[in-house]
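Some labels in a structure description rest on cut-offs.

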Amino acid sequence: TKKVRTEFVCSDCGGTTAKWAGQCPHCKAWNTLQEFTVKEGVAARYGSVNERRGGFVDTTGSLQDLSEVSTAEAPRIQTGLSEFDRVMGGGLVQGGVALIGGDPGIGKSTLLLQVMARLVAAGIRAVYVSGEESATQIALRAQRLQIDPHGLQLMSEIELEHIEAVLKDKKPEFVVVDSIQTLFSGQLESAPGSVSQVRECAARLTRLAKTLGTPLIFVGHVTKDGALAGPRILEHIVDTVLYFEGDTHSNFRLVRAFKNRFGAVNELGVFAMTDHGLRGVTNPSAIFLSEYKANVPGATVLVTQEGTRPLLVEIQALVDQTHLPTPRRLSVGVDAQRLSMLLAVLHRHAGVGCFDQDVFINAVGGVKITETAADLAVLAAIVSSIRNKPLPEGLVVFGEVGLAGEIRPAPRGQERLREAAKLGFSRAIIPRANAPRAPIEGLTVHAVDRLSDALDVLMS
Ligand code: TYD
Ligand code: MG
């Protein structure tokens, strides 16, 4: 008879305890422990918490001198979908495991089917494991994508043990699992989609992918609060976490790398959803600039650096007299907390107050700006809106604003300036420390030290 044991797993960090507690003893989160039952044998094979969380690489069990370790770069398998290869850090890596998350219907299955078709066309043996859709549904999608279905291997299966057996037997060179939440292991008693099942299935498939040297991509569903279900657990297990973001109402789809052991974090892939699937956008800056050519008050162009690529994004501000006791501060695509801080700096160091004004900020195109180099652009847009005065034509702005009213440098300033010049912008207001050593053709650069200096240039 098989022995059965009870264990409690934290839904945040994946740590386990034998007894229930209100607080996770590992990560100190509250009310995250969930009970699950383990049949004998499973626990023994998944000894330490570290191992359970994944991250296992080729283990030899013996000591090795660091100098003897091969440093040859792992060869990349390029899919030819260049925006996808870009977010992955240059292509797929042997044994590399990625998780791709996003809202339902945003295009996860579409993207992966396209990736797979490219690989199959290049002679790579690939398997699509689907627990989500029927074979017919996938065949219909392939038809819509105008993909040649020959050689695309499909497995409609949700039981982990069966999937493992097939992968060990067939040894494919690329695997997609759509989605990780639909799988279950017969060795656990909890339902598919529960934390323990997701963790177990992801960890075991990850281990198998590493052993076989196969690139593996999981599709993951997103919970209501926007986190990948079983958030921390999966993030720790996989090498790369990609996330679809942006405006679901537009045709554009942004895929961001949140974590990447094999590439730059925050790297952004930009796609357009067409009748025949996702198409990479080669000049993404254009879509983040609004359609208006004429200059309007409250609009400014920021040069942001997402991952390894500079992007030009229009930042819009609307400042309007409030009717509320507490004026509203609303921002889309820009951190709201930071906005409050910037407004305080604007008042204290440039004498522009907004306490009786509602302030709305929007980054055009649904892109999320994660870096502080957006500060100066946000304030420039706000001041332009307050004064009802358009900013000079052909202007770009970037730079972090400090609490003392100083303008702090942004990383990769030269690249940002070159990108702006390339796209025909003629003026830039930037931090002093980012001033180019040699002039950039077609670009007049105003390098400033303080917020007040920047506003003088803007409003002159
Ligand atoms: P899908 O890949 O099924 O989303 P997910 O797997 O993230 O849930 O995408 C489905 C959406 O994409 C659906 O609304 C239809 C649209 N779509 C297109 O516009 N063009 C296409 O060629 C395909 C296949 C889907
Ligand atoms: Mg899907």
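What follows is a set of questions and answers on this structure.

The model is predicted: local features need pLDDT of at least 70, side-chain atom pairs count only at pLDDT 80 or more, and totals for chains, interfaces and linings use all residues. Residues are numbered from 1 along each chain as its sequence is written, and chains are lettered from A and ligands numbered from 1 in the order in which they are written.

Q: Why is leucine 330 called exposed?
A: A residue is exposed if 12 or fewer other C-beta atoms, placed from the backbone, lie within 10 Å of its own, buried if 20 or more do, and partly exposed in between. Leucine 330 has 12 C-beta neighbours inside 10 Å, so it counts as exposed. Leucine 330 is found in strand β17 (residues 329-332); strands are DSSP runs of E with at least two residues, helices are runs of H or I with at least four, and both are numbered from the N terminus.

Q: Why is alanine 433 called partly exposed?
A: Alanine 433 has 13 other C-beta atoms within 10 Å, and therefore falls in the partly exposed class. Alanine 433 is found in the loop between β22 (427-431) and β23 (444-448). Its C-alpha atom is 8.6 Å from that of valine 448, 15 residues apart in sequence.

Q: How do you know that β12 and β13 pair?
A: Two strands pair if DSSP finds at least two bridges between them. Strand β12 (residues 252-260) and strand β13 (residues 268-274) have five bridges, in the antiparallel sense. Arginine 253 stands opposite phenylalanine 271 in β13.

Q: What makes β13 and β14 a pair, and what joins them?
A: Four bridges link β13 to strand β14 (residues 277-280) in the antiparallel sense. Alanine 272 stands opposite arginine 279 in β14. A hairpin joins β13 to β14 through two residues.

Q: Why do β8 and β14 stand at the edges of their sheet?
A: Nine strands form an open sheet in the order β8-β7-β9-β10-β6-β11-β12-β13-β14, with mixed pairing. β8 (153-156) and β14 each have a single partner strand, so one side of each is left without a neighbour in the sheet. Neighbouring strands of this sheet are turned by 25 degrees against each other on average, direction ignored.

Q: What makes β6 and β11 a pair?
A: Strand β6 (residues 97-101) and strand β11 (residues 240-245) run parallel and are joined by four bridges. Glycine 101 stands opposite tyrosine 243 in β11.

Q: Which residues does methionine 116 touch?
A: Contact requires C-beta atoms, placed from the backbone, within 7 Å. Not counting residues up to four places away in sequence, methionine 116 touches Ala126, Tyr128, Leu152, Phe174 and Val176.

Q: What makes the largest nonpolar core a core?
A: A nonpolar core is a set of buried Ala, Val, Leu, Ile, Met, Phe, Trp, Tyr and Cys residues joined through C-beta atoms within 7 Å. The largest one has 122 residues, and Met116 and Val378 have the most contacts inside it. In soluble globular proteins, nonpolar side chains tend to be buried together.

Q: Which residues come nearest to ligand 1?
A: A residue is near a molecule if its C-beta atom, placed from the backbone, lies within 6 Å of it. Of the 15 residues around ligand 1, Gly107, Lys108, Ser109, Thr110 and Gly277 come nearest. The largest share of the shell, three residues, comes from α4.

Notes:
Contact = placed C-beta atoms within 7 Å. Axes fitted to C-alpha atoms, helices over the stretch in contact; angles between N-to-C directions.
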